[in-house]
Amino acid sequence: MIKILLLISYVCENIFNFVLVKLNDTYVKKPLPENVRDVYDEEKYSKWINYRNDTKKFSAIQTLVSALITLILLIFNLHSKIFYLFNFNTVVNYILFILVFTIVSTIISIPFEYYQNFVIEEKYGFNKTTIKTFILDIIKSLVLGLIVSTILFLVVMFLFEKFGNLGILFTIIAVILFSLAINLLSMPLMRIFNKFTPLEEGELRDSLVNLCEKYNVKIKDIYVMDASRRTTRANAFCTGLVKKTVSLDDNLVNNYTVDEIVAVFAHEFGHAKYKHVLKSIWFSFFRIIILIVALGLILNIPQFCTEFGFNEVNYYFAFTVLTMISWPVSNLFNLVSNKISRTFEYQADGFAAKEGYGEALISALKRLSKDALTNLNPHPVVVKLEYSHPTLSERITAIRKISKTDGTQPNSEINNQTIDNEINIDSKEDNTQKEE
Ligand SMILES: [Zn+2]
């Protein structure tokens, strides 16, 4: 019975996601909001439509393949069949099981990743990745992912085995500490994939340092990240719980005007000043607590595992069950966390606008959207569920309102049309959204 319910839940999740895509489609035909009509000219607009269609078709195929594989694994109890192939002690069996599943799923994903980068992104001029970087990225993420997930998994299993239901409490503490550690290690972890060089001396650095001194906000350093090794898109982000690190993509530093970059930095600086990273972490703790309590419940009902061919409770499979049944709750969490995130984005934009960078920020945001072929008219429901940043049109309206009531004069005249992470202009459907 549980097996049938789980399969139904999985199918419902896929239908739900399909409905969201269709909802977004209905908005493509609608006229663009007034304040973003100048972002795309006719040629760029038709390029955007083609890009959108290509990505949509591709991700539909990808979703279908992954759903079929998951359903086959579940219907034929393949998880348990693979698990019982190993005949060592429990810990070794689990490690081998995780290893096999992670490596196989990575191998299945490679053709999709390849097509996404070297066919679609290439066609629209976004791709800068070489085959070497592409392969190295896959290996690095695989190794890193395996280390992190195996350690976390073994700790959770040990705590539940040793302390029974009290294990829920210890697991919550362990996972929260673990997430804090990952947060503190975010820069060293990112350095595995990217090179960060301190922003060189000059007009730009002086303007940025002045802003920090004016508000007495301690910034560890301002870095330039070599994003151009992979893409033509530009982004920026602010990280760190106490001392902040701000990173600007080289695509931003090399191609945008000083005013635009300072405006983007002022936005990042707003996040640092209002301590957004620290504030948003509380909600992620709450999320962890709910998920671990749910995991505890699943572990107390052996049928979740036995109906899929296991002789007893299987910790790894319990995680799989958790991800499969928690999607309605996850969507609720996303609704709240994205709402919080969008509020923080408005605050960061507001800070930049009050500093007199409103028009420069609007100019930078428009250009970033244009260069990344961003969807300027997403469906409001999709925005609520999936967007950690307000839409471009919403941001412009809010920035203009603040600039007006504040009476600030634009810091510069720009007549040209022009990230945990940050000034993010990419919509979720582009699959490129970074987060703080
Ligand atoms: Zn932001």
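This is a predicted model: local features need pLDDT of at least 70, side-chain atom pairs count only at pLDDT 80 or more; totals for chains, interfaces and linings use all residues.
Which residue takes a positive phi just after α10? Lys275 does, at about 55°.

First, the overall picture. The protein chain holds 16 helices and four strands. Its radius of gyration is 23 Å, close to the 22 Å from the globule rule for 436 residues, so the chain is as compact as a globular protein of that length. The C-alpha trace spans about 70 × 45 × 40 Å along the principal axes. Of the 436 residues, 29% are buried.

Now back to α10, residues 258-273. Sixteen residues at 1.5 Å each should give a span of 22 Å, and the end C-alpha atoms of α10 lie 21 Å apart, which agrees. The helix is mostly covered, with 14 of its 16 residues buried.

One partner of α10 is α14, and their axes are 8 Å apart at an angle of about 170°. That angle is over 145°, so α10 counts as roughly antiparallel to α14. On the α10 side the contact includes Val262, Ala263, Ala266, Phe269 and Gly270. On the α14 side, Phe344, Ala348, Phe351, Ala352 and Leu361 are among the residues involved.

Two of those names return in the largest nonpolar core. That core has 47 residues, and the members touching the most others are Ala263, Phe265 and Leu361. At least two residues each come from β2, β3, β4, α9, α10, α14 and α16. The biggest contribution is from α14, with 13 residues. As a general point, nonpolar side chains in soluble globular proteins tend to be buried together.

What does Phe265 contact, leaving aside its neighbours within four places in sequence? The list is Leu208, Leu211, Val246 and Leu248.

There is also a second, separate core, of 19 residues, and Phe97, Met157, Cys305 and Val321 are included in it. Val321 takes us to helix α13, residues 315-325, where Tyr315, Ala318, Thr320 and Val321 are buried. The buried residues of α13 pack against α1, α3, α4, α5, α11 and α12.

Next, more backbone angles. Most residues other than glycine have a negative phi. Two further exceptions here are Asn77 and Leu373: Asn77 has a positive phi of about 50°, and Leu373 also has a positive phi of about 50°. Both are in loops. Asn77 sits between α2 and α3, while Leu373 sits between α14 and α15.

Is Leu373 buried or exposed? Leu373 is buried, because 24 other C-beta atoms lie within 10 Å and the cut-off is 20 or more. Asn77, by contrast, has 15 such atoms within 10 Å and is partly exposed.

Gln116 has 19 C-beta neighbours inside 10 Å, so it counts as partly exposed. Beyond its neighbours within four places in sequence, Gln116 is in contact with Phe58 and Glu121. Ser149 is 33 residues from Gln116 in sequence, and the two C-alpha atoms are 26 Å apart in space.

To recap, α10 is mostly covered, and α10 runs roughly antiparallel to α14.

Technical notes: Residues are numbered from 1 along each chain as its sequence is written. A nonpolar core is a set of buried Ala, Val, Leu, Ile, Met, Phe, Trp, Tyr and Cys residues joined through C-beta atoms within 7 Å. A residue is buried if 20 or more other C-beta atoms lie within 10 Å of its own, exposed if 12 or fewer, and partly exposed in between; C-beta atoms are placed from the backbone. Two residues are in contact if their C-beta atoms, placed from the backbone, lie within 7 Å. The radius of gyration is taken over C-alpha atoms; the globule rule is 2.2 Å times the number of residues to the power 0.38. The expected span of a helix is 1.5 Å times one less than its number of residues. Axes are lines fitted to C-alpha atoms, for helices over the stretch in contact, and angles run from 0 to 180 degrees between N-to-C directions. Angles under 35 degrees count as roughly parallel, over 145 as roughly antiparallel, 65 to 115 as roughly perpendicular and the rest as oblique.
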